[in-house]
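The following exercises concern a pocket and its lining, and then the pairing of aromatic rings. Each task is followed by a solution in steps.

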Amino acid sequence: MKPTRIFVFLLLAAMTLPAQVIKIGSIAPDRSPWHEALKEIAREWEAITQGQVKLKIYPGGIAGGEEDTIRKMKTGALGGAILTNIGLTKIDPDAFVLSTPFMFHSEEEMAYVMERLTPVFEKQIEKKGFKVIIWTMTGWVNFFSKSPVLYPQDLKKQKLSFNTGIPEMEQAWKKSGYHIVPNELTDLMVALQSGMVDAFYLPPLVAGSGQYFALAPHMCSLKMAPLVGGLVIMDRIWEKIPEHFKQPMMEVVARVSRKLARETVALETKALDSMKKNGLIIHEAPVDSLTKWKEAADKGMDELVGKLFSREIYEKLMQILQEYRQNK
């Protein structure tokens, strides 16, 4: 067969390859910035691969919660999922170290640590059969409450809603002296209305979109912890994608991720402005409050270190943080 015919034959063969449809479960609501970012990735991946890779997205928890999506990925019902720190922890518990309360003081610290630790998590996650396509820092978590919270003792007087799923974290909160009430996000509104809980911690965007702030109108400005998430695809599916497509696909992901980070900051600012117009009161944290919050959190650290995540990864994170702060 002549070289020209071989080329034509290979081209026609590539064009007739069946499309690989990757089903993605996501808890991100339809039309949310995270869902729109995923749709943009889907469009560009399909264009790059000439239709050989398509994403079919199931938003808003249609495919189930995070544990459900992980189970469905393992059975083959789903090819991937958008996961928060809760879901990532179910695959690799060490990843939760990034969400340790009052560990980080700024976005710059968080970015510095993530750049050095996420490759470690990716290797551990790959050993479990998953490929991390994108890491996202989707904002910071704040306390919202029925009466003002500035210091730990203020929160200890209130019943704090706690999302179930990480028993070690629940024990850490209790050991730090807080009154924890296990409660799912879907039940938070009813719990606030009934008086079952008086306070909760969520990113402002979620507190605003769910209208939870209306029943707990006091927000502490102190950022409790970053909310980390990511897009994960089963490794066996990623391996089926032709190698020459992967670099441009990942370049799209990096670009969309940067765009999403900018949009999230802008949307959070807009959400806070809207909530303030509708009764939200933001209390600036006193200068000495961070030290007191950290002291309270440290009382429960032995429930996390060596139990939820390894002591090795915790010490590595502390070493990186110390390095950053000394350089600054």
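**Exercise 1.** Determine which elements each supply at least two residues of the lining of the second largest pocket.

*Solution.* Step 1. The elements are α5 (107-127), β4 and α11 (243-277); helices (H or I, at least four residues) and strands (E, at least two) are DSSP runs, numbered from the N terminus. A pocket is an open set of points on a 1 Å grid over the protein atoms alone, where a 1.4 Å probe fits, with protein on both sides within 12 Å along at least five of seven lines; its lining residues have an atom within 4 Å of a point.

Step 2. The largest share, 10 residues, comes from α11.

Step 3. Of the 24 lining residues, E107, T136, M137, T138 and A261 are the closest to the centre.

The model is predicted: local features need pLDDT of at least 70, side-chain atom pairs count only at pLDDT 80 or more, and totals for chains, interfaces and linings use all residues. Residues are numbered from 1 along each chain as its sequence is written, and side-chain values use heavy atoms, without hydrogens and water.

**Exercise 2.** Describe the aromatic pair formed by Y112 and Y324.

*Solution.* Step 1. Ring centres of Phe, Tyr and Trp (its six-membered ring) must lie within 6.5 Å; planes under 30 degrees apart count as stacked, over 60 as edge-to-face and the rest as tilted.

Step 2. With centres 5.0 Å apart and 55 degrees between the planes, the pair is tilted.

Step 3. Y112 belongs to helix α5 and Y324 to helix α13 (residues 311-327), 212 residues apart.
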